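Subject: Handover of a structure and notes on it

Dear colleague,

Please find the sequence and structure below. My notes on what was found follow directly after them.

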Amino acid sequence: MTPVDRTRLPAVGPSLPVRFPDVHKDRLDNHVALWSAPHRGLPVVTFMLLFPFGSAADFEGYEGLAALTADMLDEGTGDRSAVEVNAEFGRLGTHLDTDVGADATVLALTCLSRYAPRALSLMAELVVRPRLAEADFERLRSLRLSRLIQIRDVPSAIADRAFMQLVYGAHPYAHMALGTEEALRQITLEDVRAFHRRNYAPASATLVAAGEIDGASLRAFAQEAFRDWHADDHQTLPDPALVPPPAAPAHRLALVNKAGAAQSEIRIGGVGLTRNTPDYHPLIVLNMVLGGQFVSRINMKLRQEKGLTYGARSGFDFRRGRGPFILQTSVQTDRTADAVNEALAELQAIASDRPPTGEELETAKAALTKGYARNFETSDQIARAITQLVLYGLSDDYFDTFAAKVSKVDIEQATRVARAHLDVTKLTTAVVADATLVGPQLTASGVGEAVPLLPRL
Amino acid sequence: MNIPFTEHTLENGLRVILHEDHRLPAVAVNVWYHVGSKNEQPGRTGFAHLFEHLMFEGSEHYDRGYFHPLQEAGAALNGSTNSDRTNYWEVVPTNSLELALWMESDRMGYLLPALTVQKFENQRDVVLNERRQNYENRPYGLAGAAITAALFPPAHPYHWLTIGEIADLNAASFEDVRAFFQTYYHPANASLVVAGDIDPSHALDRVAAYFGEIPAGPKPLPLTVDAAVADEVRLVLEDRVELPRLYLSWHSPAMFAPGDAEMDLVADLVANGKASRLYRALVYERRLATEVAAFQNSRELAGFWQVMATAAPGHSLAELDDAITDELARLLDEGPEQDELDRGRAQVETQFVFRLQTLGGFGGKSDQLNAYSVFVNDPGFFERDLARYERVSAQDLHSAAQRFVRRDRRVALSVVPKGSRSLALPGSVAADVS
């Protein structure tokens, strides 16, 4: 037994190589793309059916249509009701997850291998031949309207909406997938049917599979499941995400009043970059230093030094279009102005007089790369990773070369991207708080005169 | 289906469990201390969780924050406290196992010399903000506090929330830290799992080197308590919410006790998914509710079974109560259908397989081995745990539901918008949450 030396921490080893499983690509005769990767060890399979449209595809005045349509899919097919469909998923030990993001819609399920063909067939049937019936539409729409009513009292959700509306204006990224009350009330079942007909087409679908499955069996299962799916009047629409977002004005400060709120929700940021920006790797390294991990500058300052929050973080949400950069935290009411000032000071400093240091950079790069293998532990994680390859057109060796690209980021690059993409004079700050307490604080502390805001819901 | 392991006990009483899995170049280190908010005293609540925060603030031989060296090594790490236990974990690259063992052992053996009043006060502020963010500023966030306070009498270890009461957190003193550490944080009250890309004999050698030198402490005595609700309790809580919500709670079996698996399955068939009874009746057919849920909350000393439903606009909690009661009465009269039981069991089997997918973190294989080690004294309990569900018959479910779900012995909490107490179930009295 080698004795223990407590005078210093043990040395850690070099990065261990990551090898992402080979992705097998195939296509059915009706053009549905099939991407799969084996992941052995357990009798589990994950399927994800990916469509390259999400809430950004909602036309103006129809905010919420993409998500409502996706929600309608498991409300029945053929002569089977929602109850019967969901009971069948239950017999297969699984359930369907529907996720509508800004750029994509993903229907996902993970099940035991022995149920995989049946579960896939049921999912396919819901996508290809959903009932889209009036009674189900009315019920789901009123559930979504109720959800919007409930959100009025969820300060974090209000803060997200206030921030995105301010920053994105009329851009398709300005609204959340749930949409707005006004739009939901106007949407009809016919709109849902048209959206389904226009968008849920085999040529735009990618079926991703990972787990105890290979390319040949995926092809066999998918051929059977999607045998009656044909493209009708499918036309490729221009990608709504590529509309340029509004230019940022000088720093602005908005305050949403929530009388009696126990804390203040803060969002600071602006329009960020697209997923295919050449600055992607330097930016994620920079963000690790700024607010992307526990030991980041922002969390250490606001939580560990000042104790005025449970946590604070920042991140670039890289999308097909230019997604947001957001610093977010929830802080104690009487220290709100202090927190905003400190956060703005950190943002300013990293882009000017305190760029990332060599030591910070090494920590950030090590944190991103040394544990990278952990991201590919489950079939669900592998399938999710493949959807990223598809959606953003990343190279096949993307995951295998990630660590090398991150490791190459140097101080000069990190400093350059901070200066190029974090302009503190053009950021937007949105606060959801008890305005009678927080408004005067913000003014007195010199953050600025807050503009009252009532976000659209 | 199981999690293969070997088990060892060091001379100081530390239980060590090793599990090999070479699919990832990573190792999970997971430590459970058998202490939670149940070990606190009235007036001193929230301390176990506050103490967990201090475990990340440095120890004698590394007197700085624990996140930095571990994240720099590529580790994921965290900790959590509930009523029954406190856990800490790291998932590190294979070649950083030594670092994780060094740090976990240093805070198990040498925490106190590094603790300062300043660290203590800073983390108390953080915890008060955690409470504001996750309980006070969240709609319906204090419902759980109102419910456990009504189900369990003031001296019962489950009477209070793990996050603690604000006054108690403010009154917590630095002197309490020492006594708490000495009573609960030592090898005889802990269980350590090392799982993943390891050579077990080498791993055991390193564990013995790092942890073997820590002195043994006295094993705390197990708690035994009883609680019952003799009749119906109706409470109302006013909150910053738009839609009223009803919580119905009943005493139910403790974790792994007879009837626990049955009530878990009853919760599933009552409210899990669109095919469940309450979803179908309240949301799908009658549109009285916007959402329903049911849970068997099984804890070490006792459990409670719970149904929750949020009223759709224009509907009252009394309507919801009647509709829920009708559906439960039908279940109590007729019992479950075979198809419902089959669905529940298919989902349980799937969940058990899914649980084998991850090595570390909350709920990963290392955490499960420790849960079984601490709560049933057998890390190999996985298969017997699954068997509890597989052997349940429709009759067992029926009997369990009849035994535990009784309208005259429940806590009914109405959470209503501020100033709208009239929306609560008739006869409700104000809940006490501080």
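Which residues of β8(B) are buried on one side, and which on the other? On one face the buried residues are B:R245, B:Y247, B:S249 and B:H251, and on the other they are B:L246, B:L248, B:W250 and B:S252, which leaves both faces of the strand covered. Buried here means under 20% relative accessible area, exposed means over 50%, and partly exposed lies in between, with a 1.4 Å probe and protein chains only.

Before going further, please note that this is a predicted model, in which local features need pLDDT of at least 70 and side-chain atom pairs count only at pLDDT 80 or more, while totals for chains, interfaces and linings use all residues. Residues are numbered from 1 along each chain as its sequence is written, chains are lettered from A and ligands numbered from 1 in the order in which they are written, and side-chain values use heavy atoms, without hydrogens and water. Helices (H or I, at least four residues) and strands (E, at least two) are DSSP runs, numbered from the N terminus.

Strand β8 of chain B and its partners

Eight of the eight residues of β8(B) are buried, so the strand is mostly covered. Two strands are said to pair if DSSP finds at least two bridges between them. β8(B) runs antiparallel to strand β10 (residues 303-311) of chain B, to which eight bridges join it. With strand β11 (residues 411-417) of chain B, β8(B) pairs over five bridges, also in the antiparallel sense. B:L248 stands opposite B:V307 in β10(B) and opposite B:A412 in β11(B).

Nonpolar cores and an enclosed helix

In soluble globular proteins, nonpolar side chains tend to be buried together. A nonpolar core is taken as a set of buried Ala, Val, Leu, Ile, Met, Phe, Trp, Tyr and Cys residues joined through side-chain atoms within 4.5 Å. The largest such core has 227 residues, and those with the most contacts inside it are A:F47, A:L207, A:F226, B:V270, B:L282 and B:W305. Helix α3 (residues 116-128) of chain A gives the most to this core, with nine residues. Another core, of 59 residues, lies apart from it and includes B:A75, B:L101, B:Y184 and B:I214.

Helix α9 (residues 280-290) of chain A is largely enclosed by the rest of the structure, because eleven of its eleven residues are buried. Among them are A:Y280, A:H281, A:P282 and A:N287.

Salt bridges

A salt bridge is a side-chain nitrogen of Lys or Arg within 4 Å of a carboxyl oxygen of Asp or Glu. The structure holds 62 of them over all chains.

One salt bridge joins A:D396 and A:K25, whose closest N and O atoms are 2.7 Å apart. A:D396 lies in the loop between α13 (379-392) and α14 (398-407) of chain A and A:K25 in strand β1 (residues 24-27) of chain A, so the pair ties together parts that are 371 residues apart in sequence. A:D396 is exposed, at 51% relative accessibility, whereas A:K25 is partly exposed, at 39%.

A second example is A:R320 with A:D239, where the closest N and O atoms are 2.7 Å apart. A:R320 is in the loop between β11 (309-316) and β12 (324-332) of chain A and A:D239 in the loop between α8 (215-225) and β9 (252-257) of chain A, so that this pair links distant parts of the chain, 81 residues apart. A:R320 is buried at 19%, and A:D239 is partly exposed at 23%.

In chain B, the side chains of B:D205 and B:R206 meet in a salt bridge (3.2 Å, N to O). B:D205 is partly exposed at 24% relative accessibility, while B:R206 is buried at 4%. A network of salt bridges links A:D74, A:E75, A:D136, A:R139 and B:K274.

Positive phi values

Most residues other than glycine have a negative phi. B:Y140, in the loop between α4 (117-136) and α5 (143-151) of chain B, has a positive phi near 65 degrees, and this residue is buried at 9% relative accessibility. B:F256, in the loop between β8 (245-252) and α9 (260-271) of chain B, has a positive phi of about 70 degrees.

Yours sincerely
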